[in-house]
Amino acid sequence: MQYGTVLMFLFVAVVFAVGGIVVNLFIGPHKPGKEKNTVYECGIDPTGDARIRYSIRFYVFALMYVIFAVEAAFLIPWAVVFKTVPGIMVLIEALIFIGILILGLAYAWEKGELKWD
Amino acid sequence: MDLLKDILYNTDKPWNQFYGWAHAGWANWGWPPFILDIIFQLCFAVIIAVVLILNALWIIYYDRKIAALFQIRKGPNRVGPLGLFQTIADTVKLLIKEDINPKAVDLAVFFLAPVFIFIPTFMVMLVIPFGRGLIPADLNIGILYVMAITGLSVIGILMAGWGSNSKYSLIGGLRSAVQLVSYEIPMMLVILTIVMMSGTLSMGGIVQAQAGYKWFWLPQIVGFILFLIAGNAEVNRAPFDLPEAESELVAGFNTEYSAMKFAFFYLAEYVNLFITSAIAATLFLGGWEGPLLPPVVWFFIKTYFVVTLLMWIRWTFPRLRVDHLMEFSWKYLIPIALLNMVVTAFVIKLV
């Protein structure tokens, strides 16, 4: 019942979004022109392709994000049972895990990877 | 009278009665019960779609009025009483405008990007607890579902930036994506801390854990502030509105979009604002809990309190520079969030 609702929401969202755009295609005017169909570049003709090389920084941050996202995925089951598991071991184990992670962050910081230049 | 009171304050009870009654009637007809469930699910989805649209119409008007208040001007005041119908007029206008597809764009990606941005914002509404029992589906992985689904909107933004084949769009899309992923991490860590304190992932469960006015904002004041900052960055609003910094990037990733496609970007932005505030209200301000008034009303009061707070921040601080923006997340927010988590773990175990 519950997870079926997720699929139904996905279905309604797709219908809603695609429907809106398609309705707009039908009732809106359609008068293409040479100037109108160029991409915007301060009013002059665009020079060259837009898919140029861009800063490597974007990839570095994306990579760092993956590390932290996976870390959060590992911590979620721990966080859910944290209160119910008796004893101090559950805390120490997580501290080791988070400690390694902080070490990684400190290393990246030291290496200057967190700087945007 | 009792029924009305139940519907307002204790929606679970009349709903379960109605659900059982409908299923009994359905069994008499001799049709398989899952078809009725599918009809109910479709009804939920359509109701949420209507709520989303009405709420978006209101929140856009509210945003413009608050902005006007901060800048000592009047704001929308021509269409309808107090300008209330301004957003409807804007929507109709966008619906009948020409949909321009520049020649250089990648048509499939260009068309799908607004759809991909809208889908996650709509699907997150599934687990927002609007009131006692007023939740489309109280998934047992609620908050994890929120994190997973909101993460998907990055794909839509990258698609918009790449598909447009415009330099402003590409740079705006990349900036937006890197900003979203950077600020998602402190947000996730704060959410993990809340999960630690409540011991459940379900949104209803988190509200239950705060029952008796033990709201999490006081013990988690650091987490609350971190969540507001990260949430403000997630919805691309000033001081974190780098992706659509109009003085340098025209309009960011939606530069090339027009008519209804643009409308979906705009809609998604404001729905995201509402969702971030709603999640903040659920995690930190006790969700729908409150005296006298019905839970739904309390939920909207708290949500709009956070919305107003975010708008206040928006009109108070100047825009950050892109390098400051990234360093602020990685060098300040993430270490503080990790520290906050460790301290919370110690307090829970040792005190």
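Reader: Is B:Gln86 buried or exposed?

Author: This is a predicted model, and in it B:Gln86 counts as buried because its relative accessibility is 15%, which falls under the 20% limit.

Reader: Where is B:Gln86 placed, and which residues does it touch?

Author: B:Gln86 is in helix H4 of chain B, which covers residues 86-95. Not counting residues up to four places away in sequence, B:Gln86 touches B:Arg64, B:Pro76 and B:Val79.

Reader: Let me turn to the rings. How many aromatic pairs does the structure hold?

Author: Over all chains, there are 28 aromatic pairs. One of them joins B:Trp58 and B:Tyr61, whose ring centres are 5.7 Å apart.

Reader: Why is the pair of B:Trp58 and B:Tyr61 called tilted?

Author: The planes of the two rings stand at 40 degrees, so the pair is tilted. An angle under 30 degrees would count as stacked and one over 60 as edge-to-face.

Reader: Where do B:Trp58 and B:Tyr61 lie?

Author: Both belong to helix H3 of chain B, residues 33-70. B:Trp58 and B:Tyr61 are 3 residues apart there, about one turn of the helix.

Reader: And is each of them buried or partly exposed?

Author: B:Tyr61 counts as buried, with 7% relative accessibility. B:Trp58 is partly exposed, at 38% relative accessibility.

Reader: What kind of aromatic pair do B:Phe118 and B:Phe264 form?

Author: The pair of B:Phe118 and B:Phe264 is edge-to-face, with 65 degrees between the planes and 5.2 Å from centre to centre. B:Phe118 lies in helix H5 (residues 107-124) of chain B and B:Phe264 in helix H12 (residues 259-284) of chain B, so this pair ties together parts that are 146 residues apart in sequence. Both B:Phe118 and B:Phe264 are buried.

Reader: How does H3(A) run relative to H14(B)?

Author: The axes of H3(A), residues 89-110, and H14(B) come within 11 Å and cross at roughly 165 degrees. That angle makes H3(A) roughly antiparallel to H14(B). The crossing of H3(A) and H14(B) is left-handed. Residues in the contact include A:Leu91, A:Ile98, A:Leu105 and A:Trp109 of H3(A), and B:Trp330, B:Leu338, B:Val342 and B:Phe346 of H14(B).

Reader: What sits over the ring of A:Phe82?

Author: The charged end of B:Lys349 sits over that ring, 5.3 Å from its centre. B:Lys349 also belongs to the H14(B) residues that make the contact with H3(A).

Reader: A new topic: where is A:Lys31 found, and what is it in contact with?

Author: A:Lys31 is in the loop between helix H1 (2-27) and H2 of chain A. Leaving aside its neighbours within four places in sequence, A:Lys31 is in contact with A:Lys36 and B:Glu98. A:Lys31 is exposed, with a relative accessible area of 59%.

Reader: Where does A:Glu35 lie?

Author: A:Glu35 lies in the loop between H1 and H2 of chain A. A:Glu35 is exposed, at a relative accessible area of 59%. The C-alpha atoms of A:Glu35 and A:Val22 are separated by 24 Å, and the two residues are 13 residues apart along the chain.

Reader: Finally, what is the phi of B:Tyr213 and of B:Leu292?

Author: B:Tyr213 has a positive phi of about 60 degrees although it is not a glycine. For B:Leu292, phi is near 60 degrees, a positive value in a residue other than glycine. B:Tyr213 lies in the loop between helix H9 (203-209) and helix H10 (221-234) of chain B, and B:Leu292 is in the loop between H12 and helix H13 (295-316) of chain B. B:Tyr213 is partly exposed, with a relative accessible area of 48%, whereas B:Leu292 counts as exposed at 79% relative accessibility.

How values were computed
Residues numbered from 1 in each chain as written. Chains lettered and ligands numbered in written order. Predicted model: local features only at pLDDT ≥ 70, side-chain atom pairs only at ≥ 80, totals over all residues. Heavy atoms only, no water. Phe/Tyr/Trp six-rings, centres within 6.5 Å; stacked < 30°, edge-to-face > 60°. Helix = DSSP H or I, 4+ residues; strand = E, 2+ residues; numbered from the N terminus. Buried < 20%, exposed > 50% of the residue type's maximum accessible area, 1.4 Å probe, protein only. Lys NZ or Arg CZ within 6 Å of the ring centre and 35° of its normal. Axes fitted to C-alpha atoms, helices over the stretch in contact; angles between N-to-C directions. Parallel < 35°, antiparallel > 145°, perpendicular 65-115°, else oblique. Left-handed = near helix turned anticlockwise from the far one by under 90°. Contact = heavy atoms within 4.5 Å.
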